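Please look over the model below before reading the notes.

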Amino acid sequence: MANLQVKGIDEDFYKALKLLAKEKGRSLSQQVLIMLKEYLAKEKRLSKAKTPGALLLELAGSWEDERPAEAIIEELKASRKPSRKFEKGLNVSS
């Protein structure tokens, strides 16, 4: 099994690690190994995760259409139904 030596650890950080290990009932070495393994597992999951942009594009969907944009726009406009909601104008009461 390989060994790892870490130099230059801040005293407060070292004390915090020791305290955490004690609270968990582990040795300092065991606690550091567990923390490193958890971090690496998290990084691995995150690297496989899709970015928010990719998820948005996936949810939004897409389509292919050979028609020019103008033809698609005309079809959309033609499919709209007129609204009679404001035929009498805005009724604003004072």
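1. pLDDT is the predictor's confidence in each residue, from 0 to 100. Helices (H or I, at least four residues) are DSSP runs, numbered from the N terminus. This is a predicted model, in which local features need pLDDT of at least 70, side-chain atom pairs count only at pLDDT 80 or more, and totals for chains, interfaces and linings use all residues. Residues are numbered from 1 along each chain as its sequence is written, and side-chain values use heavy atoms, with hydrogens and water left out.

2. The average pLDDT of the protein is 88, and 97% of the residues score at least 70. Confidence is highest in helix 1 (residues 11-24), with a mean of 96, and lowest in helix 3 (residues 52-60), with a mean of 84. Where pLDDT is low, the predicted coordinates should not be read in detail.

3. Helix 1 has 14 residues and spans 20 Å from its first C-alpha to its last. This is close to the expected 20 Å, the expected span being 1.5 Å times one less than the number of residues. Just after helix 1, Gly25 has a positive phi of about 70 degrees.

4. Leu4, Val6, Ile9, Phe13, Tyr14 and Leu36 make a nonpolar surface patch of about 580 Å². Such a patch joins nonpolar side chains (Val, Leu, Ile, Met, Phe, Trp, Tyr) within 5 Å, from residues with over 30% relative accessible area and no salt bridge. Areas come from the Shrake-Rupley method with a 1.4 Å probe, and for residues only the protein chains shown count as cover. Leu4 lies in the segment before helix 1. Leu4 counts as exposed because its relative accessible area is 70% (buried is under 20%, exposed over 50%, partly exposed in between; 1.4 Å probe, protein chains only).

5. How many salt bridges does the structure hold? There are three, a salt bridge being a side-chain nitrogen of Lys or Arg within 4 Å of a carboxyl oxygen of Asp or Glu. Side chains of opposite charge can pair when their charged atoms come close. Glu58 and Lys50 form one, at 2.4 Å from N to O. Glu58 is partly exposed at 49%, and Lys50 is partly exposed at 47%.

6. Arg67 pairs with Asp65, their closest N and O atoms being 2.7 Å apart. Arg67 also meets Glu75, at 2.3 Å from N to O. These shared partners join Asp65, Arg67 and Glu75 into one network.

Note on methods. Helix = DSSP H or I, 4+ residues; strand = E, 2+ residues; numbered from the N terminus. Patch = residues over 30% accessible without salt bridge, like charges linked within 9 Å, V, L, I, M, F, W, Y side chains within 5 Å.
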